[in-house]
Amino acid sequence: MLRALEGGLGRERQAEPGDKLACLMALERKVLWLSTWMIHNANHLRPSRDGLKVGGHQASSASVATLMTALYFDVLRPQDRVAVKPHASPVFHAIQYLRGRQTRDQLERFRGFGGAQSYPSRTKDGETVDFSTGSVGLGVGMTLFASIAQDYLRLKRLVPTRDPPGRMIALAGDAELDEGNIFEALLEGWKHDVRSLWWVIDYNRQSLDAVVSDRLFGRIDALFEMMGWRVVTLKYGRLLEAAFAGPDGHHLREWIDACPNSLYSALVYKGGEGWREHLLRDLNRYPGIRAILDSHDDAALHRLMTNLAGHDMASVLAAFHAVTDDRPTCFIAYTIKGYGLPFAGHKDNHAGLMNKDQMASFQRDMGVALGAEWEPFAGLDVPEEQLSAFLAGVPMAGSGPRRHDVPAVAVPPSLPVPRGNRLSTQEAFGRMLGEIAAGDGEFAERIVTTSPDVTVSTNLGLWVNRRGIFDRAERTDTFREENVVSAQRWTMSPRGQHIELGIAESNLFLQLAALGLSGPLFGTQLLPIGTLYDPFIKRGQDALNYACYQDARFILVATPSGITLAPEGGAHQSVGEPLTGLAQPGLTSFEPAFADELAILLRWALEEIQREGGGSVYLRLSTRPIEQPQRPIDQDLAEAIIAGAYWLREPGPGAMLAIAYSGAVAPEALAAHQALAEDLPETGLLAVTSPDRLHSDWRAARVQGEVGVAERLLARLRPGATLVTVGDCHPATLSWLGAVGGNPIVPLGVDRFGQSGDVADLYRAYGIDTEAIIDAAARACLLVLPG
Ligand SMILES: Cc1ncc(C[n+]2csc(CCOP(=O)(O)OP(=O)(O)O)c2C)c(N)n1
Ligand SMILES: [Mg+2]
């Protein structure tokens, strides 16, 4: 007999038809079938054009079929939000199919173009997916930060509070706990007294490569308990519990408890004979155990020995329903990877696929007639009408759209430009937010800032002083109470509008991801702004990508940046981040040089993050005070700043040279321009506020056969004119400009690790000072000037 039946999914396990348990067990069986079949169809039945294995995870899916069936068909309420472990995507799609929220066509195209996605995707699979997953660990962490976001909204009464809060639920693979971001999130969650959070761990004791170490046992519980979580362990199912309660049953329990993970897995794979051999050898001296062995044939023995609670619907339901408060809870659900399938327990089963013969006998055992593979209720012994009625009445059903469509928050027509002849963009940013904080109304109320322990050093101090720090409880500022003078007023309360995080950039991006989805997830638009040091974007880059992948909307202010943070030295400098800005989908980046540019861009960003089809915005700022242009900004200039570039000094007719610069090197570019203009008065000076926008516009225009912004700007130069590009960033950020109009190019920039120094020394050492620009221009022009 096939292990599918031996494994406990057979009819004999089912309770009386008519009750909830029978329906859920029938659906569990169908979910397993559909997920397995979906993968089989994609790999074996759909024609392949490229010879690539399609994949899909039959074993990982089988591992969570019970847990997910219980959740989606009985436990979840409309307001709950879920992150499903990435490789359980087929189970997720099968469940949505049974709920009528997924089409057969999409399932047939699983992992194909336009079909159900390999890993649940908010943007591609639609409203049923609350949180995308894919990079293990991040979806789990995301639920914790979503819970903070939910508290933020509820405690401020920005969302209706009639209903209890939604539970933020992660269905996690056990190996996800190897990812560091989980621990960063856990500690942060403890600090924020996080509530309404469930992490359900699919504890199959297998990862991709291997069976996990036995020494891990007990660590997970302890870890969660240390963080103030409730830990609920679902270890043995009802069959095993009954056996343990019988004569000599405790010996059986002790034997399983002591059984190494790898031996247990191997025996799961071998089946009844394997169990019998080992039990005979180890426990035959106990009459109670002998009785069990005598009364169970191989199939029944296998069913008994694999009766872990994570596959026992009644145990799973009891555990979930027993939790009724909002204390964060970790469920450790013992499961078997590949449960019910021929490769159950095999250590190599992660990428394993059933072959056609195995599938054919599995199909027979599941009672699915040929041709009825996609039928929602085929082969189940609960009548179709009863299952349909059950599905129509599950708590999640009829909850209306799962995603909220929210009105945008009106952004003022302009943001105040801070006064001052010499300003850094970072200072300007801090003062602008301070000014916004002093105002009132919806706009200022919806801004929420967050920072990983660099609130003060990224200049959010004024904002925080005026708007306070968010905390579930009222907490006074002790320094203030004790009359200790400080520029920072850190009052904490539910009214605060800054979420202070510990130093963990990954947490920052997950928090921004959660706040940036507050509209669709919870029904109220927030305007999230996160600050960090530019070099540490890399520290959280996967989480940043994760946030963008699911179209979370936020503004990232990265400062200080480049080697311009001079005395801070090489360990803090950033080089490649503007390239990240260029390359990261869903994120538009800018590097303004002046405060008036920043005012235009910050305003634009606040609308862009709310625009349909918009995205998140990254502003790369600097601590370097530089002289500010005193100029009015008219509509055309504002549009050019947003489009990515404008001529700060117009080129004269037939110009043979132009300098294009980005960001904090503006003074050097201006000085070089002035010097060069003595000999070449037509020389132009191009201010590039966004290499990213300029590049994407150029590319799109070329593909369409149109003339883009960059091409139009550079057309002002004589054909073949030399272009010197310069920025405090990797030279590739701007060097592509040479390809726009076929201009010879001299790309200046930083491509080595830096060191401490002042700006003058460092700019000279790394070749981005005034002299370097002049030299580069002179040499290049000599090459191309006639004679
Ligand atoms: C950050 C990241 N690294 C590696 C992978 C590749 N990967 C996918 S699943 C997996 C193992 C997951 O094991 P576990 O979480 O225990 O899941 P299950 O046993 O349920 O399949 C790995 C390494 C990934 N998706 N994300
Ligand atoms: Mg696992």
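Select Pro 578, Ser 589, Phe 590, Glu 591, Tyr 618, Arg 620 and Pro 691, which line the largest cavity. A cavity is a set of points, on a 1 Å grid over the protein atoms alone, where a 1.4 Å probe fits but cannot get out, and lining residues have an atom within 4 Å of a point. Strands β13 (587-590) and β14 (616-620) are the elements that give two or more residues to this lining; strands are DSSP runs of E with at least two residues, helices runs of H or I with at least four. About 60 Å³ of space lies in this cavity.

The model is predicted: local features need pLDDT of at least 70 and side-chain atom pairs pLDDT 80 or more, whereas totals for chains, interfaces and linings use all residues. Residues are numbered from 1 along each chain, ligands are numbered from 1 in the order written, and side-chain values use heavy atoms, without hydrogens or water.

Next, select the magnesium ion (ligand 2), coordinated at 2.0 to 2.1 Å by Asp 174 (OD), Asn 204 (OD1) and Gln 206 (O). Donors are N, O and S atoms within 2.8 Å of the metal (3.2 Å for Na, K and Ca); water is not among the atoms, so sites may look incomplete. Asp 174 and Gln 206 are both buried (under 20% relative accessible area, 1.4 Å probe, protein chains only).

Finally, move to Tyr 72 in helix α3 (residues 58-75) and Phe 92 in helix α4 (residues 89-98). Their ring centres lie 5.9 Å apart with planes at 75°, so the pair is edge-to-face (centres within 6.5 Å, planes over 60 degrees apart).

Note on methods. Buried means under 20% relative accessible area, exposed over 50%, partly exposed in between (1.4 Å probe, protein chains only). On a 1 Å grid over the protein atoms alone, a cavity is a set of points where a 1.4 Å probe fits but cannot get out, and a pocket is an open set with protein on both sides within 12 Å along at least five of seven lines; lining residues have an atom within 4 Å of a point. Grid points are joined across faces, edges and corners, and a volume is the space filled by probe spheres set on the points. Rings of Phe, Tyr and Trp (its six-membered ring) pair if their centres lie within 6.5 Å; planes under 30 degrees apart count as stacked, over 60 as edge-to-face and the rest as tilted.
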